[in-house]
Each structure stands twice: as structure tokens, then as C-alpha cells.
Amino acid sequence: MTPRLADRLLAARHRRFVGRAAELGLFDTALAASELPFSVLHVYGPGGVGKTTLLNTFAAACERRGVAVARLDGRDIDSVPDAFLGALAGSLGVAAGDALDRALLAPAARRVILVDTYEMLTPLDGWLRETWLPQLPETVLVVLAGRQPPPVAWRADPGWQSLVQTVPLRNLSPNESLAYLTARTVPADQHQAVLAFTHGHPLALSLVADVFAHRADWRFEPSAAPDIIKTLLEQFVMKVPGPAHRAALEICALVRLTTESLLAETLRLPDAHELFDWLRGLSFIEAGPLGLFPHDLAREALIADLHWRNPDWYAELHSRARQYYAARLQQTTGLEQQRVLFEYVFLHRDNPIMRPFLEWQETGSALPDTLRADDHEAVVAMVAAHEGADSARLAEHWLAHPAAQVTVYRDDKQAPGGVVVALALPQTTDADRAADPAIAAARNHLDQHAPLRGGESATLFRFWLARDTYQAVSPMQTLLFGNVAQHYLTAPGLAFSFFPCADPDFWHALFTHIDLQRLLEADFEVGGRRYGVFGHDWRVTPPLAWLDLLAEREIATSPAPAPTPRARPVVLSEPEFATAVRDALRDFLRPERLARSPLLRSRMVSERAGANAAEPERIAALQALLREAIESLQAPPRDAKLYRALYRTYIAPAPTQEAAAELLDLPFSTYRRHLSAGLARVVELLWPRDIGSRE
């Protein structure tokens, strides 16, 4: 018999088919059973995940077993019963009406009806469930494949609950994906780049393999393949109702978790309820306990398309999301603040420098906790396993030290899965310095290059590691970095921080990008192993200015240029600071003289104006800080008289101090006393801001 074209098509499909062992096993078991274990198999998953390919394989399995099979596609059928029955009759090769009834109701060993794109037949769901399907013989197996899970009515009906088998279709595993790429002869050195983009999504793998089939020397880069992105988006989003819905999709792809309030804030809407519900109903959007998030590949495709199609809007959405999180950081504390910071950092995932060093996990049970008494042995064992006995002895010492702030991340069994040990260096002693080379190196660096002022502190992140992966890239390592960043933003008076690494060369690109400097003289050795240290002077770039700096870099598409040398900050003692404030108030209305003030290079001005602000911006920031400090004295009754003296002397000055006293109807000696006390209060208000002890 001459081979049919259908046979060649089937063979070609079989050669390229990988994975789905569980789904095929379930279907084969049902076909072979004397009594069907279920009557309806409902397969669902996002566009392009392989539902049609799986149905093709089901059909081939039926043919091998000699089971009659009918194929329908919801895209080709009007959503009315007569159209459905007519299409089914055509597939079976019989006439609609009595002939179809006889074909379906006639005794038969087994018959299978495969219905693809079932989401297009939603209006028929009730009729099929309540009227037509119950009439079929119990030997008929119906497979429904669509984007959405079965409607609630299937699950709420006690009868159907036992007769419906639901199978969510997910991406191929990494091994299955590699098997497919190998079968398609995609170059091995391109496999990891392709997997990082496709996440095992079958259609994406197929599209990329098609490009390689025509361009053997091609180097895969998602941004250089707009046709691939366009095809994927067409699969994920068949039709977007309007511009607001597209914007909602784009912000959902940009942020880690989407809430209704975030959607309203970023899209400048008074009410985002309808958009949020629309997102939640999409097949490739999943709902977690804290918000919505898209299928990995949908996220990748949407962001790649937006970045290529409208980079200005991409940057605008980044800015809006960043503003939302920055505001939330100021409004939250503790675990909630850490979660918000984690969301903030997620915005950086598309930066080509940061992306390889952050690994995200949409769900998980690892939460930060304080150190418990029964944790000591486990934490010391973690250090011993990765750094050796000498480091373990030091860890045991620091876990019980008052200078240590220990954060433990617990696994689902409440055992320590990761730990960060942060040491407040001013609280360490000379004995600590002699016992731990890391303390000696850090304190030497401070003494020589960045002496601390009264009220300032410095932190050494003495140990940071995940139990299973040490300091390698992992979801736990990303959580630990979030803990460190939270410390940067909230530690009172933080002037300097040190961050040691077992492999500083590996982390160098990331830490340089996030403005941590390599401090060779702060390196140290323990147990024959050398640790490289990075650091940041928070008086040069204070926390809020640091966030602004990262924001400038987060949407860069190429590595950041070498940092521009910055003028060193002016680190004034408290008496020097008081003198500089008095001089600046005297020159408040003379910008040309304020330009000579050492306060322009102070931490408080850098925090307000930005680390890279030009001189006019710094002058304006200094004037604003001085004015705010004076105006804050208006409300307290005891300070109101001080405010009036300062206001008439510096903000809206009288020609002379004598005239100011006269305007205030005060004896000159009383005016001078009020002015002196007012100056002291302004210094008292501004000094903590310069050492970073509070806002």
C-alpha cells in the first residue's frame, strides 16, 4: 500500500515530540481500561504550551489501538449546538441527525472525541455538560483542551466531580527542552541562552529552532527576534480590549506581583478593579497569595516586545513602579518593608548586568526570622560545611556577641536554610579585632580612610550564606541580598558597610554596578582561604541617593560606564558642622557664597539632591534643608519664639539685628538669646540627618 502523506506527517510529529510522559500514560491507561476511569479529560494551559500537539499524540495512540477518534476545533465551530453536532458528524464521516445518533449510541469497545480550543466554545459549556454529554455511552471518552481550567460548575457538581480528570499542561522540563533542542540540531552552545528565554515553553522552543534551521550561524538574542516575540504574544493575547488593558498587561509583566492598588497607582486610575479582574481571568496569569503574576514566558515576551516596540513607555512604566515602591518603603517596616524592597529589586532583573546574579522564586516558604537558641548548632554547621572549622569557631563567637544582628531564613521545616550575620563595628572590641582578621581589616580601613563621627556606625556582613548553595546564585541568595539592602536603607547612622565574598571576581560586575567598591586593603584570610571585600561609603552616596543611582542604571541595555570620579564627601565633626550651619544661614540668600559652604558635600545634601547633583541643585537642596529646619520650629509653643528670631534674621531678614529685635518687639539681649537658642536647635535637627540616624 502506498504510504499516505498523513503517515509522513505523523512520523515527523513523532520525531519532534518530547516529554508529556505523565499525560500520555494517563491517556493510555484510560484507553486500555475495561471501564473508563473518567469520561471527560480536561487539558488546559496557556497558548503555545502544546495542547494541540498533545491531542495529535492522543489521536496517534487511538490509531495504534484501533480506537475510533473524532477531531474538532472550537475555532472552526459556531457556538450553537447544531454547528457542534454538524462538525462532529463530519469528523465521523456520517450525516448529522439520526445517523450521528446511531454512530455515537451504537455499542462499541471504545470511542474518543478530541475537542481543541475549547475556550472558543464557552457558550456551549452548559449545554454540553448538562444535556449532550450525559447522553453518550459510558464507553466514549471526551477530551477538552483549552486555555482555561474547567468552569466552577464542573467542580461543583457531585456527579461530574468523579467523572472529570483535570490536567494542567505546563512547560517542558529543562531535560525535555534540551532533548527537543538537540533533536532540532540547535547548536549546543546556544542551549542555555534559549532555555533562559523560553523556560521550556514548547512554541517558543519550536520558533527558535525554526530560526536556527534557516540560519545556522545565528546567535540567539530575544531582542533581535521581534517576529518570535510577535508570534508568542499572538498566542498569549488573542485580543486586548483596549489601551488600558494592554498597559495593565505590561505593568503586570514588569513587576513581580501585581495588586489592585499597584495597578491603580501605576496607571494613574482611581479604580483598577475591572482591569485587575480581567488580568486574573487570563490563562497565562496565575494568582498567588500576594498578587498576580504571569507565566514566565509571557512575562519575557511582553517585556521584550515592549522594550523593542516602545522603549520610552517601558522607561515610564519603570519610573512609575519605582515611585510606587519607593513610597511604600517609607510607609512600611519589618517583614512588609523587606517584601516591598524585594519587589523593588525585581525591577532590575532585566538589566543585563544584574540578571545573571538574581534568581527569583514566585512562591516559597523561606521567611526572615531572628536567631533562636536551638539554631546555633545548625548555623555553625552551615559555616563549617562551606568555610571550614576556623570560620565555624568565629561564627560561634559572633552568634552570641552583642554587636551581631543575625537574620535566619527558614525552610518549610523551620530549619535554617540561610543566614546573614551583620556586625556593628563600633561595638566590637580590641579583643575581637585580634581574634577575627575580618574585624581587624575593616576597622583598619575605617581608621585610615573613613573615620566615624559620633553617632555614626559601620556594618560588616561577616557571614552570608545559603545552607545548600553557599554564596552561589540561588533564590535563597537573592533573599539574603534583600535583607542586606534593607539594612542599608534602615540602619540608624550607617556611614560605611563592608561585604566580603569567597569569590570576589565572580561578584565584581554586579557589585560595581550597584556602587559597591572593591576594597583590596580590607581583604582578609581565615583557615587558609582569602576573602575579597566590597564596601560603600554612605556619606558619599546616601541610601535614597543610592536608590536613585540604581534607578538610572536599571533600564540600561549595555554595561554601565566606568563610574565618574566623585568629589569626596565632607565629613565634619559636630562642632565643625555647627559652625558650617551658622555660616550657611548667614549666607542663606547669597547663592554665590553658599557655593563655598562645606555643607554642599555633606551627606544630608547628597541625600536630598542626589549623589551626582550639580552645584545649583546642591545649593537649592541646602537652602531647602535650612528652611525646613527653621519652619519646623513654628508649631511647638516653646520653639515659636526661636522661629521668629531665625525668620527675621535669615529667611526674611531685617536690615540689621537691631531692626530685627525692634520688629519682634523684643529687647536686643532677649532677641540675641532667642537667636542663639534657635541656631542650636537647627543644628540639633540637622546633625542626625548628616550622620544618617533618622530622616
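**Aromatic pairs and their surroundings**

Reply: Phe58 is buried, with a relative accessible area of 1%. The model to which this value belongs is a predicted one.

Me: How far apart are the ring centres of Phe27 and Phe58, and at what angle are their planes?
Reply: A pair of aromatic rings is described by the distance of the centres and the angle of the planes. Planes under 30 degrees apart count as stacked. The pair of Phe27 and Phe58 is stacked, because its ring centres are 4.0 Å apart and its planes are at 10°.

Me: Which helices does the pair of Phe27 and Phe58 tie together?
Reply: The two residues are 31 residues apart in sequence, so their pair ties together separate parts. Phe27 is buried, with a relative accessible area of 1%. Phe27 lies in helix H2 (residues 21-32) and Phe58 in helix H3 (residues 51-65).

Me: Is the pair of Phe84 and Trp132 stacked or edge-to-face?
Reply: The centres of the Phe84 and Trp132 rings are 5.3 Å apart, with 75° between the planes. Planes over 60 degrees apart count as edge-to-face. The pair of Phe84 and Trp132 is therefore edge-to-face.

Me: Which helices hold Phe84 and Trp132?
Reply: Phe84 and Trp132 are both buried. They are 48 residues apart, and their pair links distant parts of the chain. Phe84 belongs to helix H4 (residues 81-92) and Trp132 to helix H6 (residues 125-132).

Me: Which ring does Arg518 lie over?
Reply: One aromatic cluster includes Phe461, Trp464, Phe534 and Trp538. Arg518 is placed 5.5 Å from a ring centre, over the face of the ring. That ring belongs to Phe534.

**A hairpin of two strands**

Me: What is the bridge partner of Ile285 in S7?
Reply: Strand S6 (residues 285-288) and S7 run antiparallel and are joined by four bridges. S6 and S7 form a hairpin with two residues between them. In S7, the partner of Ile285 is Pro294.

Me: Which residues of strand S7 are buried on each side?
Reply: In a regular strand the side chains alternate between the two faces of the sheet. In strand S7 (residues 291-294), both faces are covered. The buried residues are Gly291 and Phe293 on one side, and Leu292 and Pro294 on the other.

**Helices and what covers them**

Me: What distance separates the end C-alpha atoms of helix H19?
Reply: Helix H19 (residues 376-387) has twelve residues. At 1.5 Å a residue it should span 16 Å, and the distance in the model agrees. The end C-alpha atoms are 16 Å apart.

Me: What arc do the buried residues of H19 cover around the axis?
Reply: An α-helix has 3.6 residues a turn, so residues three or four places apart point the same way. In H19 the buried residues are Val379, Val380, Met382, Val383, His386 and Glu387. They are on the same side of H19, because the arc they cover around the axis is only 150°.

Me: Which residues are exposed on the other side of H19?
Reply: The buried residues of H19 are covered by elements including helix H20 (389-399), strand S10 (416-424), strand S11 (457-466) and strand S15 (529-537). On the other side of H19, the exposed residues are Glu377 and Ala385.

Me: Which helices do the buried residues of H30 pack against?
Reply: Helix H30 (residues 637-651) reaches 20 Å from its first C-alpha to its last, close to the 21 Å expected. Its buried residues include Leu642, Tyr643, Leu646 and Tyr650. These buried residues of H30 pack against helix H26 (574-586), helix H29 (615-631), H31 and H32.

**Single residues**

Me: Is Asp665 buried or exposed?
Reply: Asp665 is placed in the loop between helix H31 (657-663) and helix H32 (668-691). It has a positive phi of about 55° although it is not a glycine. At 69% relative accessibility, Asp665 counts as exposed.

Me: Is Thr117 buried or exposed?
Reply: Thr117 lies in the loop between strand S3 (111-116) and H6. Its phi is positive, about 50°, although Thr117 is not a glycine. At 8% relative accessibility, Thr117 counts as buried.

Definitions and conventions. Residues are numbered from 1 along each chain as its sequence is written. This is a predicted model: local features need pLDDT of at least 70, side-chain atom pairs count only at pLDDT 80 or more; totals for chains, interfaces and linings use all residues. Side-chain values use heavy atoms; hydrogens and water are left out. Rings of Phe, Tyr and Trp (its six-membered ring) pair if their centres lie within 6.5 Å; planes under 30 degrees apart count as stacked, over 60 as edge-to-face and the rest as tilted. Buried means under 20% relative accessible area, exposed over 50%, partly exposed in between (1.4 Å probe, protein chains only). A charge sits over a ring if NZ of Lys or CZ of Arg is within 6 Å of the ring centre and within 35 degrees of the ring normal. Two strands pair if DSSP finds at least two bridges between them. The expected span of a helix is 1.5 Å times one less than its number of residues. The arc is that of the directions from the helix axis to the C-beta atoms. Contact means heavy atoms within 4.5 Å.
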